[in-house]
Amino acid sequence: AYEIFIRANAHWEEKQQKTPYTIELVGAADKVDVYQGLFSVRSQKHVSEVPASNLIVIPSLVRSYEKALKGNQLLVKWIKEQYKNGAEVASMCTGAFLLASTGLLDGKSCSTHWAAGPEFRERFPRVNLKTDKLIIYQDGLYTNGGAFSFLNLIIYLVEKYYDRQTALYCAKIFQIDMGRNLQSEFSVFNGHKKHEDKEVLEVQAYFESHYQDRISIKELSEKLHVGRRNFDRRFIKATGITPLEYLQRVRVEATKNYLENTRKTVSEIMYDVGYNDDKAFRNVFSRFTGISPNDYKSKYNKERILS
């Protein structure tokens, strides 16, 4: 991120004969060791030396979120003050945990890495998390999906703070695909099982072992002696999604596995995962992955990749 902004600044200087921004790495410590000391990141300034900023970019956090959030209260306070004074704030990947801990995301939408979604929702229930989105902007706050998709966020910010031509230049120099706007095709659905509703856990297990069968959610609720509306409410409370969406996601995940590892046609796979309506099947798959089954197979089938 630092390198891309430095290159954007240099490109702008060549065109406009002036430096638009000062790009600095700032922090609450002079140096931070990462990966057991294999690398070190050195701050150019302490946050106390930066009274004002146009844009703050929060990097990804280490996976010990509890430790990271408790140990960075000085940064949390500084970010809140900067935002109050007019700065915009962007978070890369799991940096959304630090941004959310400021309270600035309460009542707003945001994104983070899809794998961190369940823990994020548990910690920050007031934030509307959308892990299918690659970049979300709202009220001067930017968040992005995760991993190397932070590159798309930085190019997005370069376009906003410089111009379209500078963003295109940086995208070409760093070979970044500007067309991506979803992280759905990269996500793996593992279910939402961090809850204590035993009946809902039973239904989840049933979906995952019988997804290829014709399933009536109404009949399942009756077997549990729970009214359909109440069943839906309990399921949403426990998992964050409806029973129907959960079943659809399980089937899509099974479809992805078939598309990646077999020679079966899309139509054959459709029946194997419990669908008999081609249009409905393709619509559901595209809705959750952002691409068609055929395009997914072309990109990820192991035999096509090896060839």
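A nonpolar surface patch of about 380 Å² is formed by Tyr2, Ile6, Leu25, Val32 and Val41. Patches are built from residues with over 30% relative accessible area and no salt bridge, nonpolar side chains (Val, Leu, Ile, Met, Phe, Trp, Tyr) being joined within 5 Å and like charges within 9 Å. Accessible areas come from the Shrake-Rupley method with a 1.4 Å probe, and for residues only the protein chains shown count as cover. Leu25 has a relative accessible area of 35% and is partly exposed; buried means under 20%, exposed over 50%, and partly exposed in between (1.4 Å probe, protein chains only).

The model is predicted: local features need pLDDT of at least 70 and side-chain atom pairs count only at pLDDT 80 or more, while totals for chains, interfaces and linings use all residues. Residues are numbered from 1 along each chain as its sequence is written, and side-chain values use heavy atoms, with hydrogens and water left out.

**The chain as a whole**

The protein chain contains 15 helices and 10 strands, which are DSSP runs numbered from the N terminus (helices H or I, at least four residues; strands E, at least two). Its C-alpha trace spans about 65 × 45 × 35 Å along the principal axes. Of the 307 residues of the protein chain, 41% count as buried. The accessible surface of the chain comes to about 17600 Å², and 49% of this belongs to carbon and sulfur atoms. Among contacts (heavy atoms within 4.5 Å) between residues at least 6 apart in sequence, 59% join residues at least 24 apart.

**Helix H1**

Helix H1 covers residues 2–16 and includes His11. With a relative accessible area of 14%, His11 is buried. Leaving aside neighbours within four places in sequence, His11 is in contact with Gln165, Thr166 and Tyr169. Lys15 also lies in helix H1, and its side chain meets that of Asp163 in a salt bridge.

**Salt bridges**

Side chains of opposite charge can pair when their charged atoms come close. A salt bridge is a side-chain nitrogen of Lys or Arg within 4 Å of a carboxyl oxygen of Asp or Glu. By this rule the count comes to 16 salt bridges.

| Pair | N to O distance |
|---|---|
| Lys15 and Asp163 | 3.1 Å |
| Asp197 and Arg234 | 2.7 Å |
| Arg228 and Asp232 | 3.1 Å |

Lys15 is partly exposed at 38% relative accessible area, and Asp163 is partly exposed at 22%.

For Asp197 and its salt-bridge partner Arg234, the places are the loop between H7 and helix H8 (198–210) and helix H10 (residues 228–239) respectively, so the pair ties together parts that are 37 residues apart in sequence. Asp197 is buried, with a relative accessible area of 18%, whereas Arg234 counts as partly exposed at 26%.

Arg228 and Asp232 both belong to helix H10, 4 residues apart, or about one turn of the helix. Arg228 is partly exposed, its relative accessible area being 36%. Elsewhere, a network of salt bridges links Glu66, Lys70, Glu119 and Arg123.
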